[in-house]
Amino acid sequence: MSKLKKIAVLTSGGDAPGMNPCIRAVVRTAIYNNLEVVGIRQGYQGMIDNNMYDMNTRSVSNILNLGGTILKTARCLPFRTDEGMELAYKNIKAQGIDGIVVIGGDGTFTGALRFSKRFPDIAVMGVPGTIDNDLYGSTYTLGFDTATNTVIEAIDKIRDTADAHDRLFFIEVMGRDSGAIALRAGISCGAEAILLPERATAIDELIENLKAGQFNKKSSSIVIVAEGDKSGGVYDLAERVRGQIKFYDIKVTILGHLQRGGSPSAFDRILGSRLGFAAVNALIDGKSRMMVGLEANHIKLTDLEEALTQHTYKLEDDLMQMSEILSI
Ligand code: ATP
């Protein structure tokens with residue numbers, strides 16, 4: 001058991017629905033265990049700017065249902081520098097903080113790992129919070145379920161109008177490096193094609209498949225394109241297909257930032273609560289430089305260094321194969 005007295009919590013990188021339930025769990029688990037708890041605003045920027053405040057059980061009342069993050073988040077360049085890290089450390093020490101829960105994605109974990117190697121007297125515990133679902137060590141990350149449901153709701157509506165007008169829609173969804181949202185949303189909405197950063201797109205094949213769909217009397221088609229797909233962007237893609245397909249009116253929709261917002265789903269509220277609870281308990285157990293994740297519905301701790309350097313997240317092969325077969 002550690003001699004932990006005071007911990008801090010921050011959210012960093014892209015915001016994700018479920019961060020608030022996680023903050024709530026961290027604060028209340030800490031207080032239950034007689035720890036003081038500090039909220040750091042705007043991720044690592046708040047460590048550098050000393051933008052922190054004492055939290056109590058009431059600081060996290062009525063936030064389970066809120067999207068975004070009450071602590072705010074930021075992408076903080078100065079934290080990548082030695083000077084920035086030293087300033088952050090000085091502020092953390094001055095506050096008497098001896099453990100930090102960081103909620104974010106792989107960038108956030110990279111920062112936490114570097115900070116902890118440089119200043120090993122501060123324990124760090126990572127919680128996977130990103131809509132991209134692209135972290136090794138957790139089958140699901142916070143926000144992914146809510147974001148996918150938001151995308152599904154939007155695409156269902158687009159399908160209504162696509163069907164009414166015999167249209168082909170190209171819909172861009174978030175995922176610069178990860179096709180996780182695109183793949184699951186595509187399966188859930190019966191998309192005719194799903195374009196992912198993880199695999200090359202054969203445009204000729206896509207066009208042949210769309211033609212086959214029309215031949216099979218499909219009255220509309222949906223092509224989901226993850227942001228990071230390598231075929232040149234959704235508008236360019238639509239233009240190339242327009243030149244070769246005359247039977248559909250072709251439209252483009254970019255779902256954009258609405259995918260990040262909204263009240264967290266039941267799944268993300270429970271995941272956030274579980275991971276926040278587990279993160280504080282791991283710190284109390286004297287653990288550091290780890291990430292708490294969920295694997296096979298059990299909490300699993302993964303070494304941050306190992307997660308970041310030795311493994312990459314992979315989309316499930318069976319889902320990729322199935323999505324093609326089910327969309328004929
Ligand atoms: P998302 O997956 O939603 O983009 P993320 O945590 O990967 O989330 P990033 O913007 O990549 O988001 O990283 C968040 C923050 O972590 C950065 O703004 C920076 O402050 C810190 N960070 C990232 N990489 C490093 C690094 N190499 N050294 C120090 N800090 C870093």
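This is a predicted model: local features need pLDDT of at least 70, side-chain atom pairs count only at pLDDT 80 or more; totals for chains, interfaces and linings use all residues.

I'm counting two strands as paired if DSSP finds at least two bridges between them. Strand 6 and strand 8 pass that with six bridges, in the parallel sense.

I looked up the strand order and got 7-8-6-9 for an open sheet of four strands, with parallel pairing. Strand 7 (193-195) and strand 9 (249-254) are at the edges with a single partner strand each, so one side of each has no neighbour in the sheet. Neighbouring strands are turned by 15 degrees against each other on average, ignoring direction.

Then the other partner of strand 6. Residues 167-173 make up strand 6, and six bridges join it to strand 9, again running parallel. I checked E172 and found I254 as its bridge partner in strand 9. L168 stands opposite I250 in strand 9, and opposite S221 in strand 8.

What packs on the sheet? Helix 5 (residues 144-165) does, touching strand 6, strand 8 (221-226) and strand 9. Its direction makes about 165 degrees with that of strand 6. Helix 8 (residues 234-242) packs there too and touches strand 6, strand 7, strand 8 and strand 9. For helix 8 I noted about 175 degrees against the direction of strand 9.

Note on methods:
Residues are numbered from 1 along each chain as its sequence is written. Side-chain values use heavy atoms; hydrogens and water are left out. Helices (H or I, at least four residues) and strands (E, at least two) are DSSP runs, numbered from the N terminus. Axes are lines fitted to C-alpha atoms, for helices over the stretch in contact, and angles run from 0 to 180 degrees between N-to-C directions. Contact means heavy atoms within 4.5 Å.
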